[in-house]
Amino acid sequence: MARGEEAGVREFNARYAGLVWSIVRRLGVPSVEAEDAVQDIFVELWRSADRFDASIASEPAFVAMIARRRAIDRIRRVSRQADGVALSEAIEAEARVGGWRGSAAGRGESSSVSEFPATTERAVEALDRLSPDQQRVLRLSLFRGLSHELIARSLDMPLGTVKTHARRGLIRLRDLLSERREVAT
């Protein structure tokens, strides 16, 4: 592989594909990002092949170290992108593709198109009233679909803290939306 021979690169990829995939999945890279993460890892391994020193570590250890670093970089990048997305844009995008409309119709609730802007606005206002940590955790969970473990790693928070922020945030959201509904009636 270090010499860049095509057969060597193919053999190397075949030998370590399982190891790299298992590291990417175990660290919790979102499934939509996993293939790109694996490709980036193999590109990095190809670029770094000349740095491999068998007297320092075994080849599988070298591959695992680079795979782990690149997977964590990918998780952090996904997390930063999630934080950068404006909540209202995410909610509007979800509403445009029918996400809320479909779920409301599935529950037998009213789903006229004219209700969604008001519903979206109420949800955004309620979410803005949560603590910053609760907002970040819920945005990553609800709009990016990240697991609690991945959120914990991305935000460098203990898993229990992430779960607490999610639970308390959802309870607070429910209370805020209930208050608004009672005031409106």
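Buried means under 20% relative accessible area, exposed over 50%, and partly exposed in between, with a 1.4 Å probe and protein chains only. This is a predicted model, in which local features need pLDDT of at least 70, side-chain atom pairs count only at pLDDT 80 or more, and totals for chains, interfaces and linings use all residues. Residues are numbered from 1 along each chain as its sequence is written, and side-chain values use heavy atoms, with hydrogens and water left out.

**Exercise 1.** State which residues of helix 8 are buried, and what follows the helix.

Solution. 
- Helices are DSSP runs of H or I with at least four residues, numbered from the N terminus.
- Helix 8 covers residues 148-155.
- Its buried residues are L150, I151, A152, S154 and L155.
- After helix 8 comes D156, with a positive phi near 55°.

**Exercise 2.** Find what share of the contacts with a separation of 6 or more joins residues 24 or more positions apart.

Solution. 
- A contact means heavy atoms within 4.5 Å.
- Among contacts in the protein with a separation of 6 or more, residues 24 or more positions apart account for 62%.

**Exercise 3.** Is R76 buried or exposed, or in between?

Solution. 
- R76 lies in helix 3, residues 59-84.
- The relative accessible area of R76 is 46%, so R76 is partly exposed.

Technical notes: Helices (H or I, at least four residues) and strands (E, at least two) are DSSP runs, numbered from the N terminus.
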